[in-house]
Amino acid sequence: MKKLFAALTLALFWTPAALAQETQERGIDTIINEAVAPISNFIVGVVFYSVPVFGVDFPLIVMWLVIAAAIATIYFNFIAFRAFKHAMELIRGDYADPKDAGEVSHFQALATALSGTVGLGNIAGVAIAVSIGGPGATFWMILAGLMGMSLKFAECTLGVKYRNEYPDGTVSGGPMYYLSKGLAEKNLAGLGKVLAVFFAVCCIAGSLGGGNMFQANQSFQQIVNITGGETGFMADKGWLFGLIVAGIVGAVIIGGIKSIARVTEKVVPFMAVVYCTAAVIIILANITEVPAAFGAIIGGAFSPEGVAGGAIGALIQGFKRAAFSNEAGVGSASIAHSAVRTKEPITEGLVALHEPFIDTVVICTMTALVIVITGSYSNEAGMSGVELTSSAFESVFPWFPYILALAVVLFAFSTMISWSYYGVKCWTYLFGEGQKTELIFKLIFCIFVVIGSSMSLGPVVDFSDSAIFAMAVANIVGLYFLFPVVKRELESYWSRLQEGQIKRYRTTWLIHTD
Amino acid sequence: MTDTFLLAVDGSEPAGRAAEFAKARAKAGGARLVVAYVIEWSPYTFNTPEENEERHKRREEEIAKAKGQVLDPLVAAIEAQGLEVEGVVRHGNVAEVLSGLAGEKGACQIFIGRKGLSKVKAMLFGSVAGTLVQVSPVPVTVVP
């Protein structure tokens, strides 16, 4: 014990001096990078264990997600298409009981979940997919988005069905609850508990990876882009950017300063509209290129040129980025959707269908089309991530990188706030509810913002991916057991809806006039 | 059949004046009063996950506060004057909920106070009384 103490003391005193010296030589960023990279490399190696398929390395985890999404799509009989319109009516509030006015509406639950989903994955992730997998990756991405809708439907229904409602009126839901409670109903309490704990651990890692480091990293890249690039002032100031963002995130999640969060929540949807509008304008301005772009996307999906691994390579990239962006099968959004006020858990599942749709089929496709149409993906500088998206938009609107920087930082910020919440929920699931336990996690979360901004893209993306995909391992095993529960709920609800037993309210308070 | 008047309150000073005026009218005409406290709320806002999680609790708190601090004392005071009265708390867009309540309770008139906002403020934040006048199915008396 004494020895350990002595060693710790030594380490404490030794570090600053050595750090200062090293800092002068290599910069803080490089040091953080080199310290974390080996750990992240190890985790990545485990999660992305690949098997060769037609001579290409196919990560098993991607196959795992795709198969689950395909099975959900068929098992629920293409619910995404059957219920698309009804889900829209639910979101609009046509079926909301006026007595529940003032509670969390379907729209609010969806919007909150979306602000956690729509983030850098839609802007930077897509660029990564297209730069590695070619235009064809877009096709697979959209397909994965469409299939992911059914998976999201199942997990959000379960999230509401098995949530905890506490006496003080607060609610807590998500995969950790449906895995433990749902499987216990099937006499698999032991397995359920193991899966729930595994999920919670991975979700904590995911909240620090994809929900935090990836966001911080990519928004920093864009800040570098607009402040003079590699030679600019900000180029090696990742830690500084990280500290600032960590400070703001801390002010919201630890300091409880709601006004910042509230402003962001209002500005983010606006930025999403601006982003999509700009994309549509670019697409319209290059309307003559659109057929060729679609040709490249569809052709590239089946017989791409110059893509490592050919069609399979494009498919892997597309599926990977779609899963990373819309998180279907990962289970994270189920935590956010669980807060809704509804008597029918299935309704929230139906509403959640729109999440992968908006996220992947609409927003990601916009980004991909802009990159493909402007031809930016075949750049010689080897650009990837947000830099590529930025240059694609810049080729039409020279001032767009500034708007994009703002959008990127805001998206990143709102995604971080949502993921910090997911992380806290899993953290308290493991270590018990309590202010102190929450605070510890929130502090760790802020530290990871700094780490994320300091690392180079490769290790950050790899770690983000592996953490988020690992969540899907536990979640999907549980989903297979619980699919029949969802189907029972769905059939009961659907037949009552057809018979007109589900009351549709024509309420005046739902129409917003101002 | 006695007439029903709908009175909108929110604990503010103008609402207090509207209450006095409505009471006097109700007494004179032998009408029944429905006193409504509408808490401004929209199902289409963007919230953080934490706000959503606590929403049910907050709603109960809002209703308890509206009842305890404003509605219950006012209803008791009106009852003490020998008038028939009912209190309701609702969430939603104030003008729309009041219009809906007028129909629901069969009110023939709505009484509401006005804050007397400047033109700029009214344009920026919207005027509840002004909106109500536009959407109400029954005559509205705006008390200055």
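**Two chains, seen from one helix pair**

Let's start inside chain A. In α11(A), the residues A:A261, A:T264, A:E265, A:V267, A:V268, A:M271, A:V274, A:Y275 and A:A278 meet A:F400, A:I403, A:L406, A:A407, A:L410, A:F411, A:F413, A:S414 and A:I417 of α18(A). By class, this contact of α11(A) with α18(A) has 15 nonpolar, 2 polar and 1 charged residues.

Some ground rules. This is a predicted model, where local features need pLDDT of at least 70 and side-chain atom pairs count only at pLDDT 80 or more, while totals for chains, interfaces and linings use all residues. Residues are numbered from 1 along each chain as its sequence is written, and chains are lettered from A and ligands numbered from 1 in the order in which they are written.

Now the terms I just used. Two residues are in contact if their C-beta atoms, placed from the backbone, lie within 7 Å. Nonpolar means Ala, Val, Leu, Ile, Met, Phe, Trp, Tyr, Cys and Pro; charged means Asp, Glu, Lys and Arg; the others, Gly among them, are polar. Helices (H or I, at least four residues) and strands (E, at least two) are DSSP runs, numbered from the N terminus.

Back to our pair. At what angle do α11(A) and α18(A) pack? About 135°, with their axes 9 Å apart. Axes here are lines fitted to C-alpha atoms, for helices over the stretch in contact, and angles run from 0 to 180 degrees between N-to-C directions. That angle makes α11(A) oblique to α18(A). The cut-offs: under 35 degrees is roughly parallel, over 145 roughly antiparallel, 65 to 115 roughly perpendicular, and the rest oblique.

Is the crossing of α11(A) and α18(A) left-handed or right-handed? It is left-handed. Left-handed means that the near helix is turned anticlockwise from the far one by less than a right angle; clockwise gives right-handed.

Helix α18 (residues 400–431) of chain A packs with helix α19 (residues 435–454) of chain A at about 135°, axes 9 Å apart. So α18(A) and α19(A) are oblique too. Their crossing, though, is right-handed. On the α18(A) side are A:S420, A:G423, A:V424, A:W427, A:T428 and A:F431; they meet A:T437, A:E438, A:F441, A:K442 and A:F445 of α19(A). The residues of that contact divide into 5 nonpolar, 4 polar and 2 charged.

One residue to look up in chain A: A:A200, in helix α9 (residues 189–226). Buried or exposed? A:A200 is buried, with 26 other C-beta atoms within 10 Å. The rule is 20 or more other C-beta atoms within 10 Å for buried, 12 or fewer for exposed, and partly exposed in between, with C-beta atoms placed from the backbone. Not counting residues up to four places away in sequence, A:A200 touches A:M176, A:C426, A:Y429 and A:L430. Also, A:A200 and A:Y422 are 222 residues apart in sequence, yet 9.3 Å apart in space, C-alpha to C-alpha.

Zoom out to chain A as a whole. It has 20 helices and 4 strands. Its radius of gyration is 23 Å, close to the 24 Å that the globule rule gives for 514 residues, so chain A is as compact as a globular protein of that length. That radius is taken over C-alpha atoms, and the globule rule is 2.2 Å times the number of residues to the power 0.38. Along its principal axes, the C-alpha trace of chain A spans about 75 × 70 × 55 Å. Buried residues make up 55% of the 514.

Where do the chains meet? The contact takes 32 residues from chain A and 29 residues from chain B. On the chain A side, the elements giving two or more residues are α5 (106–117), α11 (258–285) and α18. α5(A) gives the most, with 6 residues. By class, that side has 15 nonpolar, 11 polar and 6 charged residues.

Last stop, chain B. It has 5 helices and 5 strands. Along the sequence the pattern reads β-α-β-α-β-α-β-α-α-β. The C-alpha trace of chain B spans about 50 × 35 × 25 Å along its principal axes. Buried residues make up 41% of its 144 residues.

Find B:Y37 in strand β2 (residues 32–40) of chain B. With 24 C-beta neighbours inside 10 Å, B:Y37 counts as buried. Leaving aside neighbours within four places in sequence, B:Y37 is in contact with B:V9, B:D10, B:A66, B:V70, B:L71 and B:V89.
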